[in-house]
Amino acid sequence: QPRLYRLIPFSPMPFRNLSFESATPGSNYMTTVALALPGWSAYVGGGPFLSAAYNTIPLAGSYVGVVDRNAPSYIPRMPSNIAGRYTAYLAAGYGGDTWLTQTAQIPANMAALYFYTTTNASELAFAVNGEDLALRLVSAGADYQRWGVDISRFAGTMAEIRFSLPSHYGPGHVGAYEVYLDAIGFSSVPLSPALGAVEGKGPHE
């Protein structure tokens with residue numbers, strides 16, 4: 001007698017850990033991407049990167065990591081308007097460009113993606129499926145910036161989102177620089193008007 005099989009409908013995986021509060025980094029300064037940034041993948045110099053820092057920022061190397069509100073005083077503070085315990089960062093220096101990526105389904109009817117950074121994020125880039133998209137600065141404070149990007153044409157599809165920071169390591173640039181990233185969220189509200197006429201580098205507007 002032939003066996004009968006029940007087909008289970010495919011349920012696309014939603015994006016997760018967009019506010020980085022799922023971190024379980026432990027107590028050591030060095031941990032893994034899987035523990036510090038669950039749901040995300042990291043790349044340095046174009047290759048997979050499995051290590052992550054916790055409450056420390058390498059001085060010269062390209063890295064990813066998380067910082068919490070109990071970080072030592074010499075670690076740059078996370079933006080004051082960010083709720084929660086953890087924030088992520090990308091550092092670019094010796095080793096090459098740094099990426100954070102995640103692949104999942106962008107919810108249907110979403111028009112924009114918004115996120116917060118520290119105020120030094122003019123070179124942070126954002127891409128969907130490898131295509132760089134224009135970032136728009138929509139608000140700013142003394143220690144934060146809020147960015148938005150139109151993702152409406154990708155709504156309802158499986159997609160890779162990627163945040164990247166270019167390295168300028170070389171003569172005259174022997175250290176790394178870092179950008180904090182937090183509170184990523186999709187919205188059905190279309191992209192807000194730009195803050196004044198702010199122009200950023202590269203894909204920003």
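1. Helices (H or I, at least four residues) and strands (E, at least two) are DSSP runs, numbered from the N terminus.

2. A word on the basis of these notes. This is a predicted model, in which local features need pLDDT of at least 70 and side-chain atom pairs count only at pLDDT 80 or more, while totals for chains, interfaces and linings use all residues. Residues are numbered from 1 along each chain as its sequence is written, and side-chain values use heavy atoms, with hydrogens and water left out.

3. Now the overall make-up. The protein chain holds one helix and 14 strands. Of its 205 residues, 44% are buried, where buried means under 20% relative accessible area, exposed over 50%, and partly exposed in between (1.4 Å probe, protein chains only). Among contacts (heavy atoms within 4.5 Å) with a separation of 6 or more, 71% are between residues 24 or more positions apart.

4. Back to β7 and β13, which belong to an open sheet of six strands. The order is β3-β2-β7-β13-β9-β10, and the pairing is antiparallel. At the edges are β3 (47–49) and β10 (131–133), each of which pairs on one side only. On average, neighbouring strands of this sheet are turned by 35° against each other, direction ignored; the axes are lines fitted to C-alpha atoms, for helices over the stretch in contact, and angles run from 0 to 180 degrees between N-to-C directions.

5. Ala183 is partly exposed, at 30% relative accessible area.

6. Which residues touch the most other members of the largest nonpolar core? They are Leu37, Phe126, Ile151 and Phe163, in a core of 54 residues. β6 supplies the largest share of this core, with six residues. Such a core is a set of buried Ala, Val, Leu, Ile, Met, Phe, Trp, Tyr and Cys residues joined through side-chain atoms within 4.5 Å.

7. Phe163 turns up again in the contact list. Leaving aside neighbours within four places in sequence, its contacts include Trp40, Leu90, Trp99, Leu100, Phe115, Phe126, Leu181 and Ile184. Ring pairs also link Phe163 with Phe20, Trp40, Phe115 and Phe126 into a cluster.

8. The structure holds 10 aromatic pairs. One of them, Tyr54 with Tyr86, is tilted, at 6.5 Å centre to centre and 50° between the planes. Tyr54 lies in strand β4 (residues 51–54) and Tyr86 in strand β6, so this pair ties together parts that are 32 residues apart in sequence. Tyr54 and Tyr86 are both buried. For reference, rings of Phe, Tyr and Trp (its six-membered ring) pair if their centres lie within 6.5 Å; planes under 30 degrees apart count as stacked, over 60 as edge-to-face and the rest as tilted.

9. Two arginines sit over rings. The charged end of Arg146 is 4.3 Å from the ring centre of Tyr114, and that of Arg162 is 4.4 Å from the ring centre of Trp99. The criterion is NZ of Lys or CZ of Arg within 6 Å of the ring centre and within 35 degrees of the ring normal.

10. Val66, in strand β5 (residues 63–68), is buried with a relative accessible area of 0%. Leaving aside neighbours within four places in sequence, Val66 is in contact with residues including Leu37, Tyr54, Asn55 and Tyr86. Asn55 itself lies in the loop between β4 and β5, is buried at 6% relative accessible area, and has a positive phi near 55°. By contrast, Asn28, in the segment before β1 (30–32), counts as exposed at 53% relative accessibility. Its C-alpha atom is separated by 8.6 Å from that of Ala53, 25 residues apart along the chain.

Note on methods. Two strands pair if DSSP finds at least two bridges between them.
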